[in-house]
Structures are given as structure tokens and as C-alpha cells.
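Thank you for making time this morning; I would like to talk through some charged pairs. Please have the sequence and the model open as I speak.

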Amino acid sequence: MASDMTGVSTACGICGEAEFSPFLNVGGKSLVRCRSCRLVRTADFQPDAALYAGEGYFTGPGGYIERHEIFRSLFEPLVERILRFKPRGALLDVGTGVGTLMDAASAKGFTVKGVEVSQWASTYAREGKGLDVVPGTLEEASFADKSFDVVVLNHVLEHVEAPKPLLAEIRRILKDDGLLAIGAPNAGSLMATLIGARWASWRPEQHIWHFTPDTLTALLKTAGFDVIHQEAKDNSTVTGWGAKELAQRVINAISAMANKSEAMLFLARKSGQAPS
Ligand SMILES: [Zn+2]
């Protein structure tokens with residue numbers, strides 16, 4: 001597989017294609033689109049091992065600790081949606097950070113576990129909050145086959161260098177009637193289309209992949225999952241009523257009607273088809 005000097009594969013994360021077309025320039029970083037399946041990726045992505053290692057990613061201004069209540073309120077609709085399809089059982093949150101979604105799922109009766117690559121965040125969740133969080137990657141946690149009713153990837157997949165192997169591991173540890181729940185920014189959203197490079201959720205220093213409903217559906221299909229529910233949800237909390245906020249509220253309302261909001265929520269089940 002082709003790779004750049006950093007060792008990160010430069011091939012398409014869905015179809016393996018090596019040829020990409022220019023898509024957008026975001027603050028000096030170029031985003032490119034797969035010529036075959038149209039998945040958008042950050043070109044020459046540089047993994048920053050320090051990014052999630054320390055506490056800065058979680059404790060900085062607007063981070064998960066300072067805005068705990070806001071994030072928890074954002075995660076509750078996801079948990080509510082999961083409940084509709086899977087009312088109880090063992091739930092694993094992959095990339096749980098400081099365990100905010102685990103708190104919300106536990107409050108609704110799930111038996112919760114988490115995995116988190118950040119040593120700092122996993123320690124905080126375990127020692128500070130008493131949550132069952134395994135430090136490291138999902139593969140390193142090596143859970144038993146078919147041990148979870150629900151696996152959650154909330155704003156994680158766009159950060160992962162190799163999404164298909166991650167989904168294969170999830171398929172292995174998920175029960176046959178289990179549910180995979182994915183939250184991700186919607187690169188096909190009305191806001192992303194309207195404001196282009198100024199859209200806040202490109203984050204090319206963190207996000208390798210920029211999924212749309214179509215490309216996320218295609219990825220899940222090749223990974224052996226059937227999408228059973230998908231919706232677009234706003235992820236920006238509008239608090240003011242100035243001109244900018246008013247414009248944002250109007251765009252959010254139109255986006256919601258057109259199912260083109262800034263974040264996507266997908267629920268999927270294992271298909272009979274093995275991953276391709
Ligand atoms: Zn592709």
C-alpha cells in the first residue's frame with residue numbers, strides 16, 4: 001500500500017484507490033477527493049503523537065472538561081437514539097476521552113466500558129470518575145468475540161488512520177444482533193458547502209477523513225455493516241442572537257429540513273456479508 005514519509009497510508013480508506021483530485025485548501029492544508037469513490041481526505045496527513053497524549057486536548061478552552069455539561073447534553077440524543085434500537089446491554093465507547101458519553105449511557109442503564117488512546121484521559125476517567133476505561137487502542141484491548149451489544153464511535157472515525165481494520169475489529173467484538181453507533185462531522189453539510197474552507201469541522205490537523213452520508217455508508221458496507229438509521233444533527237450550539245448567530249440559526253434550520261446538518265449520526269448492524 002502506498003504511503004508517504006510518515007508511514008500513514010496515502011491510499012483511499014474505503015476503496016484503496018491511489019489517485020486523488022484537489023478538493024479544497026483549508027488554512028494551507030490541502031484536502032483531496034478519491035477519484036474512484038469520492039471520499040475526501042487530508043493530503044499528507046502528519047500524525048501528531050503528542051496531540052492526544054497530554055491533557056491539553058481535553059482541558060484546553062472549549063475542551064471536554066471545561067464544557068462537560070455541554071458535551072454531555074450533545075451526547076444524550078445519541079444515547080436516546082441507541083436506546084430505541086437496543087434498550088439495554090453492554091456498551092463500549094471507543095475513543096471515550098474522559099468518559100462523557102459513558103456517563104450518559106450509564107445513566108440510561110447500560111453496562112459501560114471505554115477504550116482511550118490518551119493515557120492522561122483514560123487515567124482521568126478511571127481514577128477521577130471510577131469508569132472502566134482501558135488505555136490504548138481497541139486492538140490492544142483485545143476484547144472477546146461477540147462481547148458487546150453496542151459499540152460507539154463518536155467523532156472518532158475521522159481521526160483514525162486505518163478505518164477499515166478498526167471496523168473489522170468492532171465487527172469481531174460485536175454480538176450478531178449488536179449495534180454500531182457512529183457520530184461524525186458531515187462534510188456534505190449545507191454549512192460546509194456554503195462557507196467552504198471556513199467550516200470549523202474540517203480540522204485538517206486532526207481529521208484524516210471527511211465523510212459525507214454517501215461515503216460513510218459506502219465505508220460501512222465494505223466493512224460488513226448495514227446502515228439501519230441515519231440522520232444529520234447540528235453540532236454547533238448557538239447561544240447568541242447577533243447577526244452571525246441569527247444567520248447560523250437560519251442555516252441550521254434549513255439544514256435540518258434538508259437533512260444536511262453539520263454532524264451525522266449513523267446506526268448500523270453486522271451484515272451477512274463479510275468485509276471486502
Ligand atoms: Zn476511494
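Predicted model: local features only at pLDDT ≥ 70, side-chain atom pairs only at ≥ 80, totals over all residues.

R172 and E169 both sit in helix α6, three residues apart, which is about one turn of the helix; helices here are DSSP runs of H or I with at least four residues, strands are runs of E with at least two, and both are numbered from the N terminus. These two residues form a salt bridge whose closest N and O atoms are 2.8 Å apart, the term meaning a side-chain nitrogen of Lys or Arg within 4 Å of a carboxyl oxygen of Asp or Glu.

Residues are numbered from 1 along each chain as its sequence is written, and side-chain values use heavy atoms, with hydrogens and water left out.

As for accessibility, buried means under 20% relative accessible area, exposed over 50%, and partly exposed in between, with a 1.4 Å probe and protein chains only. E169 is buried at 12%, whereas R172 is partly exposed at 30%.

R172 also forms a salt bridge with D145, with the closest N and O atoms 2.6 Å apart. That pair links distant parts of the chain, 27 residues apart, since D145 lies in the loop between α5 (138–141) and β7 (148–154), and D145 is exposed, at 52%.

Elsewhere, K270 pairs with D176 in a salt bridge at 3.2 Å between the closest N and O atoms, joining strand β11 (residues 263–270) to strand β8 (residues 174–185) across 94 residues. In total, the structure holds 11 salt bridges.
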